[in-house]
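Subject: Structure handover

Hello,

Here is the structure I promised to pass on. Please open it first, then read my notes below.

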Amino acid sequence: SGAPGEEIGSNVVFVGNIPYTASEEQLQEVFETVGVVISFRLVRDTETGNAKGFGFCEFRDVDSANAAIRTLNNYEMNGRLLRVDLGASNLDKRSAGPSLAQLAE
């Protein structure tokens with residue numbers, strides 16, 4: 001059913017190019033048009049608390065996540081085109097993954 005080489009099994013999508021004016025509630029409403037959303041998390045700067053312009057949407061099932069990638073990539077929101085792609089399948093709820101410093105090691 002999926003394209004060759006496509007990762008199957010992640011119910012989490014990465015969302016980039018999010019307008020800084022958008023709230024998690026507004027984003028969740030958009031993503032609920034394709035499936036049941038468990039949570040939407042905007043990634044914020046730990047010092048300022050400002051949104052960094054990207055986040056993660058967790059769906060109840062993989063089909064909804066795939067539908068979001070197909071349907072909502074390049075969706076226009078407040079003048080910006082959202083970028084929707086596969087997220088990490090083993091999303092750690094406590095952190096946003098390795099920091100840039102860790103990746104540089």
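Residues 24 or more positions apart account for 63% of the contacts in the chain with a separation of 6 or more. Contact here means heavy atoms within 4.5 Å. This is a predicted model, in which local features need pLDDT of at least 70 and side-chain atom pairs count only at pLDDT 80 or more, while totals for chains, interfaces and linings use all residues. Residues are numbered from 1 along each chain as its sequence is written, and side-chain values use heavy atoms, with hydrogens and water left out.

**Overall layout**

The chain has three helices and six strands. Both are DSSP runs, numbered from the N terminus: helices are H or I with at least four residues, strands are E with at least two. Along the sequence the pattern reads β-α-β-β-α-β-β-β-α. The chain has 105 residues, and 34% of them count as buried. Buried means under 20% relative accessible area, exposed means over 50%, and partly exposed lies in between (1.4 Å probe, protein chains only). The accessible surface comes to about 6800 Å². Carbon and sulfur atoms hold 48% of that surface. These areas come from the Shrake-Rupley method with a 1.4 Å probe, and for residues only the protein chains shown count as cover.

**Helix H1**

H1 spans residues 24-31. Its buried residues include Leu-27, Val-30 and Phe-31. These cover an arc of only 95° around the axis, which puts them on the same side of H1. The arc is taken from the directions from the helix axis to the C-beta atoms. Glu-25 and Glu-29 are exposed, on the other side of H1. The cover over the buried residues of H1 includes strands E1 (12-16), E2 (37-44), E3 (51-59), E4 (76-77) and E6 (83-86), along with H2.

Thr-33 sits in the loop between H1 and E2. Its relative accessibility is 60%, so Thr-33 counts as exposed. The Thr-33 side chain reaches back to the backbone oxygen of Val-30, at 2.6 Å. That is a polar contact: a pair of N or O atoms within 3.5 Å; within protein, one must be able to donate a hydrogen and the other to accept it, and residues adjacent in sequence count only if both atoms are side-chain atoms. Thr-33 and Ala-68 are 35 residues apart in sequence, yet 8.7 Å apart in space, C-alpha to C-alpha.

**Helix H2**

Ala-68 belongs to the buried set of H2, with Ser-64, Ala-65, Asn-66, Ala-67 and Leu-72. H2 covers residues 62-72. E1, H1, E3 and E6 are among the elements that cover its buried residues. Take Ser-64: at 8% relative accessibility, this residue counts as buried. Leaving out residues up to four places away in sequence, Ser-64 touches Val-34, Gly-35, Val-36 and Phe-59. What caps the N-terminal end of H2? Asp-61 does, with a side-chain oxygen 3.3 Å from the backbone nitrogen of Asp-63. After H2 comes Asn-74, whose phi is positive, near 70°.

**Aromatic pairs**

Rings of Phe, Tyr and Trp (its six-membered ring) pair if their centres lie within 6.5 Å; planes under 30 degrees apart count as stacked, over 60 as edge-to-face and the rest as tilted. By this rule there are four aromatic pairs. Phe-14 and Phe-56 form an edge-to-face pair, 5.8 Å centre to centre with 70° between the planes. Phe-14 lies in strand E1 and Phe-56 in strand E3, so the pair ties together parts that are 42 residues apart in sequence. Phe-14 is buried at 19% relative accessible area, and Phe-56 is buried at 13%. The ring centres of Phe-31 and Phe-40 are 5.7 Å apart and the planes stand at 45°, so this pair is tilted. Phe-31 and Phe-40 are both buried. Ring pairs also link Phe-14, Phe-54 and Phe-56 into a cluster.

**Salt bridge**

How many salt bridges does the structure hold? The structure holds one. A salt bridge is a side-chain nitrogen of Lys or Arg within 4 Å of a carboxyl oxygen of Asp or Glu. Here the side chains of Arg-83 and Asp-85 meet, at 3.8 Å from N to O. Arg-83 is partly exposed, with a relative accessible area of 43%. Asp-85 is partly exposed too, at 37%.

Best wishes
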